[in-house]
Amino acid sequence: MAHIIKTNELNKIFTLPNGDSLHVLKNINMVVDQGKLTILRGRSGSGKTTLMNILAALDFASSGEVLFDNVKITQMSERKRCLLRREKIGFIFQSVALIPTMNAYENVEYMLRLAGIRKNRKGLVIEALRMVGLGARIYHMPQELSGGEQQRVAIARAIVHKPKIVFADEPTAELDTNTAIQIMKIFKNLTDKEGVTIVMATHDVGIMEIGDRVYELEDGGFIERE
Ligand SMILES: Nc1ncnc2c1ncn2[C@@H]1O[C@H](COP(=O)(O)OP(=O)(O)O)[C@@H](O)[C@H]1O
Ligand SMILES: [Mg+2]
């Protein structure tokens, strides 16, 4: 099984304004399998966002290594880290954050502009919107879409440039249960049918089962689950 990401003894220690240190991640060893759904589960404050930010080259570990496609991102220049984020990674957040003055098509296309992709933009945007089941909502404005549909546009935006990996930080936390299930089905379909690699953080125990691999964070480390 090919690993997109592998970590080696990651630690993250925050220094607080009063000088105290907060050891949030302790010797984290994990892998992200290509084309699979990896779930990071843990209660609020357990370090999920901190870990995802380090995996996605948005933040630095205090010690340890992250290998992305066998390259140490911990030793990359800021320019290289920036290119990695723009070209190889897709991001989905809890709050959808579509641009309100752009329709679904334009919101997704905007990502292609950022990633510097010029060829076949229209085909890629329509393909991504179809993959999330929004082929019939291409020209809708965000306010004309339901919360779940808006999140689906955000998913299309995160996959349109065909990144190596997509990070989703609590993407269902603001959705009702049925809509959250729909979104999880879309993730599962993207990994199983389209070969997309997804890492998703959630505090929801009910969602864990759908993961191909589940890591549970507690007190800064992973716990074993039967
Ligand atoms: N920039 C920061 N400075 C200090 N403490 C932080 C910072 N970011 C997160 N933390 C702390 O690290 C812990 C983990 O936070 P976080 O990764 O956001 O958890 P989760 O995403 O699982 O809710 C929390 O106790 C939080 O207060
Ligand atoms: Mg978080």
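**View 1. Helix H1 gives the shell around ligand 1 its largest share, three residues.** The model is predicted; local features need pLDDT of at least 70, side-chain atom pairs count only at pLDDT 80 or more, and totals for chains, interfaces and linings use all residues. Residues are numbered from 1 along each chain as its sequence is written, chains are lettered from A and ligands numbered from 1 in the order in which they are written, and side-chain values use heavy atoms, without hydrogens and water. Helices (H or I, at least four residues) and strands (E, at least two) are DSSP runs, numbered from the N terminus. Strand S2 (21-28) and H1 each supply at least two shell residues. The shell consists of Phe14, Leu16, Leu22, Val24, Arg43, Ser44, Gly45, Ser46, Gly47, Lys48, Thr49 and Thr50. Each has a heavy atom within 4 Å of the ligand. By class, four are nonpolar, six polar and two charged. Here Ala, Val, Leu, Ile, Met, Phe, Trp, Tyr, Cys and Pro count as nonpolar, Asp, Glu, Lys and Arg as charged, and the others, Gly among them, as polar.

**View 2. Polar contacts reach oxygen atoms of ligand 1 from Gly45, Ser46 and Lys48.** A polar contact is a pair of N or O atoms within 3.5 Å; within protein, one must be able to donate a hydrogen and the other to accept it, and residues adjacent in sequence count only if both atoms are side-chain atoms. A backbone N or O atom of Gly45 lies 2.7 Å from a ligand oxygen. For a polar backbone atom of Ser46, the distance is 3.2 Å. Lys48 uses a polar side-chain atom, at 2.9 Å. Ligand 1 taken alone exposes 560 Å², and the protein buries 60% of that (Shrake-Rupley method, 1.4 Å probe).

**View 3. Helix H1 (residues 48-55) is largely enclosed by the rest of the structure, because six of its eight residues are buried.** Buried means under 20% relative accessible area (1.4 Å probe, protein chains only). The six are Lys48, Thr50, Leu51, Met52, Ile54 and Leu55. Ala57 follows H1 and has a positive phi, near 60 degrees.

**View 4. Thr7 sits in strand S1 (residues 3-15).** Its relative accessibility is 3%, so Thr7 counts as buried. A polar atom of the Thr7 side chain lies 2.8 Å from the backbone oxygen of Ile28. Beyond four places in sequence, Thr7 touches Ile28, Asn29, Met30, Leu55, Glu65 and Val66; contact means heavy atoms within 4.5 Å.

**View 5. Helix H4 (residues 121-131) has buried residues covered by other helices, among them H3 (104-114), H5 (147-159) and H6 (177-194).** Buried here are Arg121, Leu124, Val125, Ile126, Ala128, Leu129 and Met131. Gly133 follows H4, with a positive phi near 75 degrees.

Key
Buried means under 20% relative accessible area, exposed over 50%, partly exposed in between (1.4 Å probe, protein chains only).
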